[in-house]
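Subject: The structure you asked about

Hi there,

Here is the structure for you to open alongside this email. Below it I go through what turned up, one area at a time.

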Amino acid sequence: MKSFKDVFENYQWEEVKNKLENVNLYDVRSSLQKKNKNLDDFLNLLSPVASQELELMAGMTQALTQKRFGKTIQLYAPLYLSNECQNICTYCGFSLDNNLKRKTLSDMELMIEASVLKSMGVNHVLLVSGEANKIVGVPYFQNAVRKLKPHFSNISIEVQPLMEEEYRLLHEEGVHSVLVYQETYHQDVYREYHPKGKKSNFHFRLETPDRIGRAGIHKIGLGVLLGLEDWRIDSFFNALHIDYLQKQYWKSKFSVSFPRLRPAEGIIEPNFIMEDKDLLQLICAYRIWNEDLEISISTRENEVFRNNIVSLGATAMSAGSKTNPGGYAVDKESLEQFETSDERSMDEIRLMIKKAGYDPVMKDWDSVYSGI
């Protein structure tokens with residue numbers, strides 16, 4: 001059965017690096033002028049020299065986003081179910097080798113957390129957990145979705161990679177979208193960051209979006225952990241992945257997120273520093289290349305950046321986020337996955353978006369429309 005692995009193996013990391021280094025200003029301007037853009041154009045817009053055209057790219061990004069999505073920003077909040085994890089990931093606060101307090105929400109605690117989110121006006125919730133199949137496996141997720149479904153119009157998940165049939169089961173329960181990040185597409189570096197656990201299997205993770213697509217999930221979210229490797233090369237491979245998936249699973253929608261390494265218990269320092277202007281260039285490159293792609297900005301980013309990105313390409317934002325299980329009410333001191341940077345409340349983020357002339361959307365989809 002065909003998968004992204006077949007496409008991925010036709011590309012070499014060093015070859016992509018060399019192409020990026022050899023892009024000139026003429027290449028960038030030619031790509032900006034083209035009507036129908038391809039992956040070569042995306043690579044040109046990622047290149048170091050393209051930063052010279054960042055102002056023009058930002059203007060194009062704003063216009064294209066408003067044309068496709070209007071002046072709206074979808075708002076959501078994460079609900080962390082568990083920080084139990086059987087993987088050793090050198091950049092993550094949930095890593096197995098961090099000897100700290102672990103927490104998995106009970107049914108009662110889950111509903112207490114949900115009630116706090118509802119009081120904040122949240123209608124789109126993202127369920128997040130560490131990767132511990134025996135403690136937080138598919139039966140746990142099924143139960144959580146069943147209990148939350150009457151209270152939220154949109155339920156997404158960001159959990160361990162699952163099998164195709166398991167994604168089908170969760171889809172039947174009412175899961176709307178699945179987020180999965182490759183972290184880095186550099187195979188050798190990937191092994192260094194993931195020395196133990198199921199996550200150390202590079203290719204199993206690489207083929208996860210294929211399993212999600214075959215299961216008929218409404219939306220698939222991808223991204224890389226910015227800071228592990230060269231963000232330009234990793235982002236090219238992420239776009240290559242999205243390009244393949246859109247052609248293969250054309251009934252699904254797609255989103256991209258931009259997690260930058262943030263402080264957390266026991267993690268490494270970023271291997272590659274990505275400045276705010278670099279992230280803006282990356283967002284612009286994605287939007288100019290792909291008008292239909294949803295672009296999500298998390299609370300990892302600082303207030304100033306998030307204030308400005310509202311009108312420069314973002315279509316979704318998290319707000320009021322707590323990155324630890326029970327963080328909203330049940331157990332505020334449990335282990336966080338990472339520290340947030342934008343700590344403003346949901347109400348403050350809504351007000352900020354309105355002041356920017358945009359409409360904060362708390363509910364833009366309901367399971368009733370899909371028959372789930």
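Throughout, buried means under 20% relative accessible area, exposed means over 50%, and partly exposed is in between (1.4 Å probe, protein chains only). Please keep in mind that this is a predicted model, in which local features need pLDDT of at least 70 and side-chain atom pairs count only at pLDDT 80 or more, while totals for chains, interfaces and linings use all residues. Residues are numbered from 1 along each chain as its sequence is written, and side-chain values use heavy atoms, with hydrogens and water left out.

Glu183 is not a glycine, yet it has a positive phi of about 75 degrees. Its relative accessibility is 8%, so Glu183 counts as buried. You will find Glu183 in the loop between strand 4 (177–179) and helix 9. Helices (H or I, at least four residues) and strands (E, at least two) are DSSP runs, numbered from the N terminus.

Helix 4 and its surroundings

Helix 4 is mostly covered, with seven of its eight residues buried. Those seven are Leu39, Asp41, Phe42, Leu43, Asn44, Leu45 and Leu46. They pack against helix 2 (13–21), helix 3 (25–33), helix 5 (54–69), helix 12 (231–248) and helix 13; contact here means heavy atoms within 4.5 Å. At the start of helix 4, a side-chain oxygen of Asn38 comes to within 3.0 Å of the backbone nitrogen of Asp40. For polar contacts in general, the rule is a pair of N or O atoms within 3.5 Å; within protein, one must be able to donate a hydrogen and the other to accept it, and residues adjacent in sequence count only if both atoms are side-chain atoms.

Aromatic rings

Searching the whole structure gives 16 aromatic pairs. Rings of Phe, Tyr and Trp (its six-membered ring) pair if their centres lie within 6.5 Å; planes under 30 degrees apart are stacked, over 60 edge-to-face, and the rest tilted. One of the pairs is Phe42 with Trp289, which is tilted, at 5.2 Å centre to centre and 50 degrees between the planes. This pair links distant parts of the chain, with Phe42 in helix 4 (residues 39–46) and Trp289 in helix 13 (residues 276–289), 247 residues apart. Both Phe42 and Trp289 are buried.

Tyr91 and Tyr193 make an edge-to-face pair, because their ring centres are 6.2 Å apart and their planes are at 70 degrees. This pair also links distant parts of the chain: Tyr91 is in the loop between strand 1 (72–82) and helix 6 (107–119), and Tyr193 is in helix 9 (residues 187–193), 102 residues away. Tyr91 is buried at 8% relative accessibility, and Tyr193 is buried with a relative accessible area of 8%.

There is also an aromatic cluster formed by Phe4, Phe8, Tyr11, Trp13, Tyr185, Tyr190, Phe202, Phe236, Phe237 and Tyr244.

Two charges sit over rings, judged by NZ of Lys or CZ of Arg being within 6 Å of the ring centre and within 35 degrees of the ring normal. Lys118 lies over the face of Phe152, 5.3 Å from the ring centre. The charged end of Arg211 is over the ring of Phe204, 3.9 Å from its centre.

The nonpolar cores

A nonpolar core is a set of buried Ala, Val, Leu, Ile, Met, Phe, Trp, Tyr and Cys residues joined through side-chain atoms within 4.5 Å. The largest one has 102 residues, of which Leu127, Phe258, Leu282 and Tyr286 touch the most other members. Leaving aside neighbours within four places in sequence, the contacts of Tyr286 include Phe42, Ala239, Phe258 and Ile295. A second, separate core of 17 residues includes Phe94, Leu126, Val189 and Leu225.

Ser296 and the cysteines

Ser296 lies in strand 7 (residues 294–297) and is buried, with a relative accessible area of 9%. Its side chain joins that of Tyr76 in a polar contact of 3.1 Å.

How many disulfides does a search of the whole structure find? The count is zero, where a disulfide would be a pair of cysteine sulfur atoms within 2.5 Å. For Cys89, the closest cysteine sulfur is that of Cys85, 5.8 Å away, which is too far for a bond.

Best wishes
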